[in-house]
Structure formats: structure tokens, C-alpha cells
Amino acid sequence: MARPVPAIVILGNGSLATARRIQQVYPGALIHGLTERVQGADRVYHEFGATLREFYQQDTPIIALCAAGIVIRTLAPLLLEKGAEPPVLAVAEDGSAVVPLLGGLGGVNVMAREIAAGLEVAAAITTSGELRFGTCLLNPPSGYALGDLELGKRFVSDLLAGQSVRVEGAAPWLAQAQLPQDPQAHLSIHVGHAERTPAANELMIYPRNVLVAVSGEVTGLPDAIRATLHQAKIAVQSVACLLASDLDMASAALREAALELGVPLRFASVSGGVSELSRRTVPNATIVAADTGMAIAVATQPLDAAQIGRARGRLAVIGLGPGAAELMVPAVKAELARATDVLGYETYVRMAGPFREDQVLHCTDNREEMQRARHAFELAAQGRSVIVVSSGDPGVFAMAAAVLEALHESSEPSWHSVDLEILPGVSASLATAAQAGAPLGHDFCVMSLSDNLKPWAIIEKRLDLAAEADLALAFYNPISRSRPWQLGRALEIVAQHRTAETPVVLGRDIGRPGQTLRVTTLGQLTPDQVDMRTMVLIGSSTTCAFPRAEGGEWVYTPRWYGIKPAS
């Protein structure tokens, strides 16, 4: 399994040169710089502690160019269980020191040596076992799994106390280790896929060389898989992945079984039953157990699950929020990090970046929504992890509806098997309202004044009814060169139901560089004060405005209506 791409986090410009050198070691890594203190970082953040904790909770390896104590104090509240942590390293700003802090079982010392080699310094490795033996016995390489961490700790302690060890089974990565080997040693490292109860003097390491082909129709899948493995005397830890027919791609039972067993779930297209599925996928494997719903194949070498069949395709429709990085929700950031393909209007795609070299961008014109949605499903149906980008919230005059419409119209089974998720964002109306105070604090109506996809007569009717209902109003797409007169007509309709003193908020490019916020009134508002990038919020009859101490006005719509509650 490929190691996750690390995040390089810096606090000032003095670290940027060192960060760029580390980035050469990990070309896909992005440099995250503290806003207003770092110029030239790939991405900016506003709070060091929150940023580091977010990366840690997402299992993202962290390379922090700062004092080790800062990182330790920041992550201390999250340190729960050794063995369940990503690699965390502190690197001196000038690159003179590389200190692995956390993630000894996640390859932090390997990363420390890689970074140190890139910076031409020595890594500060303090792990006793690695210093003595040149390898971490409790962190076997990709394709192998440790049997029991607690037993492993005692085993390494006995080795460090001076005992010798013998190696049983194929462990090629230990050939260069400085282990005190003795064929007659009491301690043994046993490498194999056979199910056995480890003795106190054994370190069990399991090659992930077992594939389990299953049908989604098998009841009680996790227990059935364990029982079949037990009958075949094969350890669960040696399972590299579950494999199923692509016709079962939408099976919730298969997903839950893979999650419970902690293994990847892959799919392949093949005629015949599960035995044929396993034989075709791993031709040289030995089939040790097979029935109508399950087949177990044992390969001679560890299996790379990424090379077996394909994953279930994923399509996420995301909202970037109004543009500021700090207003993007964490789930969207995580989705951007895992994506293989990113689709969207070019302006929005660029806002979502920067991207890694291995991420493919598919930029299109803003008017090609249905074509973009269909292309997204075509890519996801190939097993790729696809994102469709919207600004604001994807469900508010954006791509979520187009994606669902494309799916609704399609009879292609592979499209309906895609893992589809809509991830919310901060819509422009809410971002503008928050800047102004709370003009949408009571019932409100959100409308687009664009008649590209609906008749203007419908817009007029809805405007009239919403204004008559005394709802606060939020206007998207208020005016453009091709629609210069319609905002004026909309204001005429609203004015039939509102006084000229009704507060109006104009937010232009809120959340982006150069944002402006202005409070005016319905009587003073004219179409020439607005462009396509302006959000227009018109208050209800109860909306109030009052001066801010620093200048400007606060605007809010109280939550009471008609009769003010007693204070």
C-alpha cells in the first residue's frame, strides 16, 4: 500500500527554502504556510495548532519545520494509542536537524532517513531497536503484517537484553539487518500465512499473500470468511484483499465485511463463479478452499491489492465555499487530497488547487454542466476517485443537481454502482450574511435571477410571492451583460412590498481577495451598483441596521416576528 503524501508545515519565510528541498524528496507534498507570514507556500493556513491536529486526525504524515516542543504540545491532546498514529517529524528551519517524533510503527524513521539524506544531514533516530538492529521489527514492510504488537514489544525487549534469534520463513528485508542470529536460538521470527497460536518466544509476521473471492449474497460475510479461513488453517492477518464481481459493486454487505476485516475491497469482471474469479485474477495462486460463495487463493508472494481488479469508483461533488481556504470544510479538503481526477469550471478548479502531479484536471466551460457530470461518471466507473468542483455549496445553483440528473437519466449499471457523495460548502449567501451580521436570521428565500434555465415570467411570479410573504431575499446571478435590465425589474417588484428604508447588503467576492461589503437601502439601490459577482441580500420588514464601532453597519433580522418577546 502506498504511503500517504505528507504535509510540510512552516511558520515563516525562513523555512521555505528548506521546505522546498524536502518537497524534492516527496514531489507530491504541499507546503502549508502561515498566512501573512509566508509568501510563496502552496497553501496557507490561519492557525498552526488546528492545522496540525487536522492533518493528524486525517492520518496525514506531518513534517513540521519548527521546534519539536511546539509540535509535541500541539498534538499532546490527541495522543491516545501507539500504533494508531501517522508519522510526525520536526525539522530545523535551516535543515540542520531531522527529529522523528511520532509514528514509529508508521515508518517515521524511514521518512527521517529519507529527509535527512535529501538535506545531507544525519537523522536523530532514538528508537533502540532500529539503532541496534538497523530495522524496526514491529513495522514490517509493505505486503507484510505484524501479528501482535504487545507480544512484539516484549520480543524486541528480549532481543535488546542480549538474546539471539532465528528466522523461520522468507523475510528478505531482514537480510541486511544486524540481528544476533543463531539457528538454535530460543527466540524466533516466524514468517508465514498459516494460522497458529504464537508462543511467548515468537514474533509472528504474516505475508499478505491471500486473496478471498466472495459473493455479495453470502450471509454473515465477516464471520463466514473467518470460518472458511480457519478451516483452511490460514491466518486472517494474511488476507491482502477481498475480491468480488463488479456486479456486486454496490453491495453494502461487502463494504462492511472489508471494513470489519480491515482489508481493501476490489472488483473484477469475469464470467463464472468465485473460483474462476480468483483463478483469473491471481493465475499462479493455489486455491485452498472453494464453494459456491467463496474461494481462497494463496499466492507465493505478497499481493499488491492496488494491482488486483479495481476499486469501487467514487464521485464526490464538493463545495469550496466562497473562496477563502479557512471557510472550506475539512471533509472537502480531505476529498481533494484523495482525488485522482478533478472536474469543473476552470476558475473553480484553480481555486481548489494546488494539485499534485498525479492528479488529472479536467477544466471545462461553465455552461457544460451535463457534459461534465456525465464525464465524471465515466471516470468514476473506471474505478477512479473523482471530484466535481462547485464554488459555495454544490447543492445551491451548482453541480449537485446536474450530477444527480445525469445519474437519474442513465441506465448504465456501472454509473449507479459508483460511490456518490455530496459534500457541503459555505454558500455565498451565508458567507455574505455572516460578514454583515445576520440579515438571514429569520425565514428567507434564495433565488437566482438568471433566466438561462427558467423563464423570466416564473422568476417574476416567485419574486412577487416571496416579497409579499415578507421573506428576506438572497439574489444569486443578479445581473450580467446579457441581462442588464432584469435586476431593475426585480427591485421594482420587491419595492411593491417593502419600504425604501429596507436594509440591503451587497457582498462582492466575499471570501476572496479584494472582497467588498456595503450596506445600503432598497430606495438607494440601483442596478449599476451590482455585477455578476455580487450577492444581493434584501431584508424583510423586521430587518434592522445599526452602526458598528469600527465603521459600517451591522444588519440583522430578529428571530421574533410580529410581537417582540418580553426581555
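## An enclosed strand

In this predicted model, strand β2 (residues 30-34) is largely enclosed by the rest of the structure, because five of its five residues are buried. The burial applies to both faces of β2: L30, H32 and L34 are buried on one side, and I31 and G33 are buried on the other.

Strand β1 (residues 7-10) runs parallel to β2 and is joined to it by four bridges. Within this pairing, V9 stands opposite H32 of β2.

## The chain as a whole

The chain has 567 residues, of which 47% count as buried. Its secondary structure comes to 17 helices and 28 strands. Taken along the principal axes, the C-alpha atoms fill a box of roughly 95 × 60 × 50 Å.

Among contacts between residues at least 6 apart in sequence, 61% join residues at least 24 apart. The chain exposes about 26,900 Å², and carbon and sulfur atoms supply 52% of that area.

Strands of a sheet pair through backbone hydrogen bonds, either parallel or antiparallel.

Strands β9 (residues 187-191) and β10 (residues 202-207) run parallel and are joined by four bridges. S188 stands opposite E202 in β10.

Helix α15 spans residues 428-436, and its buried residues are S429, A431, T432, A433 and A436.

Just after α15, G437 takes a positive phi of about 135°.

## Salt bridges

Side chains of opposite charge can pair when their charged atoms come close. A search of the whole structure finds 23 salt bridges. One of them links D358 to R356, with the closest N and O atoms 2.9 Å apart. R356 counts as buried because its relative accessibility is 15%, under the 20% limit for burial.

A second example lies within a helix. R489 forms a salt bridge with E492, and the closest N and O atoms are 3.2 Å apart. Both residues belong to helix α17 (residues 486-495), where R489 and E492 are three residues apart, about one turn of the helix. An α-helix has 3.6 residues a turn, so residues three or four places apart point the same way. R489 is partly exposed, with a relative accessible area of 27%, and E492 is partly exposed as well, with a relative accessible area of 47%.

## A pair between loops, and a network

What does the salt bridge between R533 and D509 tie together? The closest N and O atoms of R533 and D509 are 2.5 Å apart. R533 lies in the loop between β25 and β26, and D509 lies in the loop between β24 and β25, so the pair ties together parts that are 24 residues apart in sequence. R533 counts as partly exposed, at 49% relative accessibility, whereas D509 is buried, with a relative accessible area of 9%.

Elsewhere, salt bridges that share partners join R314, E335, R338, D419 and E421 into one network.

## A nonpolar surface patch

F546, W554 and Y556 form a nonpolar patch on the surface, and together they have about 270 Å² of accessible area. F546 is found in strand β27 (residues 544-547). The relative accessible area of F546 is 40%, and F546 is therefore partly exposed. This value is over the 30% relative accessible area required of residues in a patch.

Conventions
Residues are numbered from 1 along each chain as its sequence is written. This is a predicted model: local features need pLDDT of at least 70, side-chain atom pairs count only at pLDDT 80 or more; totals for chains, interfaces and linings use all residues. Side-chain values use heavy atoms; hydrogens and water are left out. Patches are made of residues with over 30% relative accessible area and no salt bridge: like charges are joined within 9 Å, nonpolar side chains (Val, Leu, Ile, Met, Phe, Trp, Tyr) within 5 Å. Accessible areas come from the Shrake-Rupley method with a 1.4 Å probe; for residues, only the protein chains shown count as cover. A salt bridge is a side-chain nitrogen of Lys or Arg within 4 Å of a carboxyl oxygen of Asp or Glu. Helices (H or I, at least four residues) and strands (E, at least two) are DSSP runs, numbered from the N terminus. Buried means under 20% relative accessible area, exposed over 50%, partly exposed in between (1.4 Å probe, protein chains only). Two strands pair if DSSP finds at least two bridges between them. Contact means heavy atoms within 4.5 Å.
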